[in-house]
Amino acid sequence: MPSVFLQSWGPLLVVLHSLSAIVLCGASVHQALLAVLLVQQRPVRSRSLRLYGWTTLLAYLSTLTAGALLYPRYRVVIRALFLDRHAPWAANLFDFKENLATIGLPLAIGALLIAQPLSTIALSTTKADGDALNRTSNEAASESSLRVVIWMYGVMTVGTALVCLTNVVAGLLCTAVRGA
Amino acid sequence: MMVDLRRAALYASILSTSTSLVFFLTGVVSLPVPLYLPLDRRWSIGTAAGEPSLSMDYFGRSLIALGVAGIVTGAVALTARSWHRPGRATISGPTTKTLRLGLAYAVTAFVLCASLFAYKLYGREAVLTELPSDPLH
C-alpha cells in the first residue's frame, strides 16, 4: 500500500489540475482583457464581467485544490527523490509557483467582489448610450472614484492572469524536467 | 450602488494586502505553523527547520495567510455595516483617496511578497533528506 497521501491517484489528479489550469488561463486572460476595455472607457457586456469573474475564481479554487492534493506526492516522489538531487532549480521554481498561487488567490476573489457591483453599473449605462463610464454619475467625485475602482479591477484581473500564466509556464518547465 | 462598488473595491484591496503581508511575515519570521509530514502522514505544529523528517510548511503558511486576511476583511466589513445601521448618519463609503491608497498598498504588498520568495528561492541549496529505503511502499 502506498505510504504517500493519494499517491495512486496522482495521474488522475495531474489531469484534473491541468484541465482546471487551462480553463483558468482562458477565463483569467478574458477577464483581464475586459478590464483593459473598461480602463480604455469602452463598453463591455455586464454579464461577461460576472461570468468571467465566477469562472476564474472557481477554476482557481479547483486548480489550487487539485494541486494541494498532489503536493504530498510531488514532495516525496518528484522533489525529494529526483529534483533535489538532479535539478534543484526546478524544485525552487515549483516552490515559487506555489507561493505565487497563494498570494494570487485574493486577486481573483477581489476581482469578483468588484465585478458584481461593477456589472450593475455597466449594465445601466450601456443601455443608455453604450458608454460604460461617462454616464454613471453626475458627480465628479463619483466619476473619479469609479475610475480608481476600474483601475483596481484592472490590477486585480491582470494580476490574476499574470499569476496564472507564470504558473502554467513554471509547471510545464518542472514537468518537462521529471514528468508528473 | 456606487457605495457598494467602492466598498467592494476597498475590501478587495484589504484582502489582497493582508494576505500578502501575512504571507511575507511567514517568509521572514520562523513562526510555528501547521506542518504536514508526508512520510508519516500526520500533521504537527512547529517550524520546518525544527522537524527532523521531511515536512511541508506551505499548507500551514497559506492557511494562516488566507485565514488572517479573511478575518481582517470580515472585521472591516462588519464594522462598516454596523456604521450603516438605520438611525445613524449615512456614510458615503470610502473616498477616492482611500481607494487610491488601498490600491497602492495592495500592489506594493503583492510585489514585496513575490520578490521576497523569488529572492529566497533563487539559488536555494537543496537539502537532501534521508528517506526510507523504499519510501513509496
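1. Tyr153(A) touches Ala35(A), Leu38(A), Ala111(A), Ile114(A), Ala115(A) and Leu118(A), leaving aside residues up to four places away in sequence. Contact here requires C-beta atoms, placed from the backbone, within 7 Å. This is a predicted model: local features need pLDDT of at least 70, side-chain atom pairs count only at pLDDT 80 or more, and totals for chains, interfaces and linings use all residues. Residues are numbered from 1 along each chain as its sequence is written, while chains are lettered from A and ligands numbered from 1 in the order in which they are written.

2. Tyr153(A) also belongs to the largest nonpolar core, which has 82 residues. Such a core is a set of buried Ala, Val, Leu, Ile, Met, Phe, Trp, Tyr and Cys residues joined through C-beta atoms within 7 Å. Buried means 20 or more other C-beta atoms within 10 Å of the residue's own, exposed means 12 or fewer, and partly exposed lies in between; C-beta atoms are placed from the backbone. Ile114(A), Val149(A), Met152(A), Ala9(B) and Ala12(B) are, with Tyr153(A), the residues with the most contacts inside the core.

3. Two or more residues come from each of α1 (10–39), α2 (46–86), α3 (88–129) and α4 (140–178) of chain A, and from α1, β1 (33–37), α2 and α3 of chain B. α3(A) gives the most, with 19 residues. Helices (H or I, at least four residues) and strands (E, at least two) are DSSP runs, numbered from the N terminus.

4. Now the interface. 47 residues of chain B are in contact with 48 residues of chain A. On the chain B side, α1 (2–28), α2 (58–83) and α3 (96–121) each supply at least two residues. α1(B) gives the most, with 14. By class, that side has 34 nonpolar, eight polar and five charged residues. Nonpolar covers Ala, Val, Leu, Ile, Met, Phe, Trp, Tyr, Cys and Pro; charged covers Asp, Glu, Lys and Arg; the others, Gly among them, are polar.

5. Chain B has three helices and two strands. Its elements run α-β-β-α-α from the N terminus on. Of its 137 residues, 34% are buried.

6. α1(B) and α2(B) pack at about 150°, with axes 8 Å apart. Axes are lines fitted to C-alpha atoms, for helices over the stretch in contact, and angles run from 0 to 180 degrees between N-to-C directions. Residues making the contact include Tyr11(B) and Phe23(B) of α1(B), and Ile64(B) and Val72(B) of α2(B). The contact residues divide into 14 nonpolar, four polar and two charged.

Technical notes
Contact = placed C-beta atoms within 7 Å.
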